[in-house]
Each structure stands twice: as structure tokens, then as C-alpha cells.
Amino acid sequence: MMLETPIAEKSSEPAKDAGHIVASLSPPLVPSGRFRVREYLPTDAATICSWVQDSETLKIISGNDAESLSPEILAEWNTTAVISLVAFEVSTSKPVGYCTLSSADNPQLPPLHIELCHLIVAPTTRHISVGSQLCDTAESVGIERGFIAGCARVLPTNLFALKLAMLKCGEEITGKEAWATPGFRWFRKIPRQQNPAANTNQQLPQHDN
């Protein structure tokens, strides 16, 4: 999990569709401004892998000991995920952030819990709200898909990610739940309001091209 400063950027320019735009459940989460969020596309792979070119960063993101993020590792994340999300810049449609929602990374998660995993932001767009917007959209998607709680784990040394997790989740559950594997600080958020009407077969807009 990598931290972005959670300050949304505003823009008066109309937003463009790109891929499957993920719908939001409340006005603060409506994808707008400089960045939007959609589902992952296979054509995103090379760009996302280019953001993680050293073993230390990959270890922070996923615990993997490989030298860098490869297409094979990324494909495994996508295969086991409930959904993979990509933030992109509206003006260029270029991917600038990525994350997954998964229950497979920790099979001991309680029922109807989902984990935010593999949060990565392009080096050129860090600390300008990309990670924050991915977290917000992931929460929205989790609610839409019927999950009652979202979780995230962060290495204790990753101070930026800890700040984002504390801001977005609020509740730290490190050492409080048997399923929260050791070696990480764990956070959980149970949304105050869920929208049952948005919880059924919502169709995401399609890209025209």
C-alpha cells in the first residue's frame, strides 16, 4: 500500500470515459476532476509493471521477493482479485494508479470482508490524491458487491501508507483479530451507510472506442 496525499484535485473540464468507469455511490466519490477510476484492462499491464522496478518496492506492496513487478505477478494478482481497479488521467487516459480488492490474499478473512491490496501509484503522480481516490472507489465497489467491511494491511515501516490507512479506515485492528496475520498493521472500515439499491447488477458504462 503506497500513500497519496488525500486532497482531491478539482477541474472544470468535462471528464472523458475510458474503459469501464466505476460508478460511485455518493457525490464525494463521483469520479471527476483530473483523475477517474475504471476496471483494469490487459493493455494496462506494461505501464503498471514499469512503476515497480526494484525488489524493495515490490516487497512493500505485496511481500513478493522477486526483483521487480512482472506481467506474470500482475496477472496472478488480477486472477485472484474480486476486481482490479485503475486510476487514469482524464486528459491522456494514461494509467496512474492500481489496486485490487481480494479475499484470496488472506483466506482467513471473515465472511463479507474484503481486502484492499497491491495499491500502487505511478511515481509521477504520487502525493496528489491518486491513492486516496482509489481507496474511495474501492470502498464504493465493495459496498456495491455486498461486502460489509473493507480491510487493509500495511508494513509498520511504510509511514506514508500508514497515514493513508488511518485516514481512510479509522479503526486499527492490529492484534485484535485472530485472522489479522502478524507482521503488519491492520485496519478495517465498516461503512456507516450502505446503499442496498446499488447492490444489484449495476452496469458500468462502456468505452466507445
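Student: Is Ser102 buried or exposed?
Tutor: Ser102 is buried, with a relative accessible area of 1%. Here buried means under 20% relative accessible area, exposed means over 50%, and partly exposed lies in between (1.4 Å probe, protein chains only). The model is a predicted one, in which local features need pLDDT of at least 70 and side-chain atom pairs count only at pLDDT 80 or more, while totals for chains, interfaces and linings use all residues. Residues are numbered from 1 along each chain as its sequence is written, and side-chain values use heavy atoms, with hydrogens and water left out.

Student: Where is the place of Ser102?
Tutor: Ser102 belongs to strand E3. Helices (H or I, at least four residues) and strands (E, at least two) are DSSP runs, numbered from the N terminus.

Student: Which backbone atom lies 3.0 Å from a polar atom of the Ser102 side chain?
Tutor: That atom is the backbone nitrogen of Ala104. A polar contact is a pair of N or O atoms within 3.5 Å; within protein, one must be able to donate a hydrogen and the other to accept it, and residues adjacent in sequence count only if both atoms are side-chain atoms.

Student: And which residues does Ser102 touch, not counting those up to four places away in sequence?
Tutor: Ser102 touches Thr80, Ala81, Val82, Leu109, Ile114, Glu115 and Cys117. Contact means heavy atoms within 4.5 Å.

Student: Now the strands. How do E2 and E3 pair?
Tutor: E2 and E3 (residues 95–102) are antiparallel, with six bridges. Two strands pair if DSSP finds at least two bridges between them. Ser84 faces Thr100 in E3. The hairpin of E2 and E3 has five residues between the strands, and within this hairpin Ser93 has a positive phi near 65°.

Student: What about E1 and E2?
Tutor: E1 and E2 (residues 83–89) are also antiparallel, and five bridges join E1 to E2. Val37 is opposite Ala87 in E2, while Arg38 has Val86 as its bridge partner.

Student: How many residues of E2 are buried?
Tutor: Seven of the seven residues of E2 are buried. Ile83, Leu85, Ala87 and Glu89 point one way, whereas Ser84, Val86 and Phe88 point the other way. In a regular strand the side chains alternate between the two faces of the sheet. In E1 (residues 35–39), four of the five residues are buried.

Student: Changing topic: which residues of H3 are buried?
Tutor: In H3 (residues 71–80) the buried residues are Ile73, Leu74, Trp77 and Asn78. Seen down the axis, these fall within an arc of 135°, so they line one face of the helix. The arc is that of the directions from the helix axis to the C-beta atoms. Glu72, Glu76 and Thr79, on the other side of H3, are exposed.

Student: What do the buried residues of H3 pack against?
Tutor: They pack against helix H1 (45–50), helix H2 (55–62), E2, E3 and E4.

Student: Which residues touch the most other members of the largest nonpolar core?
Tutor: Leu85, Leu101, Val130 and Leu134 do, in a core of 19 residues. A nonpolar core is a set of buried Ala, Val, Leu, Ile, Met, Phe, Trp, Tyr and Cys residues joined through side-chain atoms within 4.5 Å. E1, E2, E3, E4 and H4 each supply at least two residues of this core, and H4 gives the most, with five residues. Apart from this core lies another, of 16 residues, among them Ala45, Leu58, Ile61 and Tyr98.
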